[in-house]
Amino acid sequence: MYYGNIKECDIADGPGVRVTLFVSGCRNHCKGCFNSETWDFSYGQPYTEETESRLLMLLAPDYIQGFTLLGGEPFEPENQRVCVKLLARLRKAYPEKDIWCYSGYLIGRDMIPGGRVYTEATEEMLSYIDVLVEGRFVEEEKDLTLVFRGSRNQRVLRLEKGKAVEELYRQR
């Protein structure tokens with residue numbers, strides 16, 4: 001897996017101060033995507049053990065509320081196999097910090113057995129995620145007033161044990 005960027009002090013992709021990893025590779029190719037360079041699975045730098053160790057170190061300070069995984073597309077099958085190991089390690093090292101993930105895929109359609117991106121790692125990966133922002137970015141539904149998402153079709157879902165239990169920051 002490759003990654004495009006690591007943000008050490010991100011305040012845009014979830015609540016509080018966060019560490020974020022932008023993975024490379026996305027087949028959704030949403031019109032108006034803010035990060036289209038990460039569609040290429042080989043964009044950026046190779047993800048290595050050193051990368052993972054750096055992420056763990058960056059999460060150590062108390063002022064860091066959590067970790068956000070986005071891209072590109074973390075739920076592309078090629079990325080899941082690496083991301084699930086990272087999330088397991090983060091959850092074990094920092095059980096008090098929250099984990100957010102952004103995906104253009106839908107939890108109830110694409111991430112279920114037989115779904116477009118379902119793999120042997122999907123359910124475990126979802127089990128480590130506290131909040132999933134799901135749905136493709138739709139330029140015609142772009143709304144800058146939304147919290148933690150870019151278009152009205154996207155949903156911010158609180159997960160428990162890999163299942164959606166509540167929609168957060170619901171539009172009014």
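A strand here is a DSSP run of E with at least two residues, numbered from the N terminus. With that in hand, let's walk through this model, which is a predicted one.

Start with the overall layout. The protein chain contains three helices and eight strands, and along the sequence they come in the order β-β-β-α-β-α-β-α-β-β-β. The radius of gyration is 15 Å, close to the 16 Å that the globule rule gives for 172 residues, so the chain is as compact as a globular protein of that length. If you trace the C-alpha atoms along the principal axes, the chain spans about 40 × 30 × 30 Å. Of its 172 residues, 49% count as buried. The chain exposes about 8600 Å², and carbon and sulfur atoms supply 52% of that area. Take the contacts between residues at least 6 apart in sequence: 63% of them join residues at least 24 apart.

Now let's look for empty space. Rolling a probe the size of a water molecule over the atoms shows where such space is left. The largest pocket holds about 760 Å³. Its lining is made up of 37 residues, and those closest to its centre are Phe34, Leu70, Tyr102, Phe137 and Gln154. Three elements, β1 (2-10), β4 (64-71) and β5 (98-103), each give two or more residues to this lining. The largest share comes from β1, with three residues. Sorted by class, the pocket lining has 15 nonpolar, 14 polar and eight charged residues.

You can find it by picking out Leu59, Phe67, Leu90, Tyr94, Lys97, Asp98 and Ile99, the residues that line it. Five of these lining residues are nonpolar and two are charged, while none is polar.

A few individual residues are worth a visit. Asparagine 28 sits in the loop between β2 (17-23) and β3 (45-46). Its relative accessible area is 5%, which is under the 20% cut-off, so asparagine 28 counts as buried. Beyond its neighbours within four places in sequence, asparagine 28 is in contact with Glu73, Glu76, Gly104, Tyr105, Arg116 and Arg136.

Histidine 29 also belongs to the loop between β2 and β3. This residue is partly exposed, at 43% relative accessibility. Look at its backbone, too: histidine 29 has a positive phi of about 50 degrees although it is not a glycine. Tyrosine 169, in the segment after β8 (163-168), likewise has a positive phi of about 50 degrees without being a glycine. Tyrosine 169 is partly exposed, with a relative accessibility of 36%.

For another backbone feature, turn to glycine 71 and glycine 72, which are joined by a cis peptide bond with omega of about 25 degrees. Glycine 72 lies in the loop between β4 and α2 (77-93).

Finally, go back to the start of the chain. Methionine 1 is in the segment before β1 and is partly exposed, with a relative accessible area of 23%. Leaving aside neighbours within four places in sequence, its contacts are Val23, Gln45, Pro46, Tyr47, Asn79, Val82 and Cys83. Between the C-alpha atoms of methionine 1 and arginine 149, 148 residues apart along the chain, the separation is 25 Å.

Technical notes: Residues are numbered from 1 along each chain as its sequence is written. This is a predicted model: local features need pLDDT of at least 70, side-chain atom pairs count only at pLDDT 80 or more; totals for chains, interfaces and linings use all residues. Side-chain values use heavy atoms; hydrogens and water are left out. On a 1 Å grid over the protein atoms alone, a cavity is a set of points where a 1.4 Å probe fits but cannot get out, and a pocket is an open set with protein on both sides within 12 Å along at least five of seven lines; lining residues have an atom within 4 Å of a point. Grid points are joined across faces, edges and corners, and a volume is the space filled by probe spheres set on the points. Helices (H or I, at least four residues) and strands (E, at least two) are DSSP runs, numbered from the N terminus. Ala, Val, Leu, Ile, Met, Phe, Trp, Tyr, Cys and Pro count as nonpolar, Asp, Glu, Lys and Arg as charged, and the others, Gly among them, as polar. Buried means under 20% relative accessible area, exposed over 50%, partly exposed in between (1.4 Å probe, protein chains only). Contact means heavy atoms within 4.5 Å. The radius of gyration is taken over C-alpha atoms; the globule rule is 2.2 Å times the number of residues to the power 0.38. Accessible areas come from the Shrake-Rupley method with a 1.4 Å probe; for residues, only the protein chains shown count as cover.
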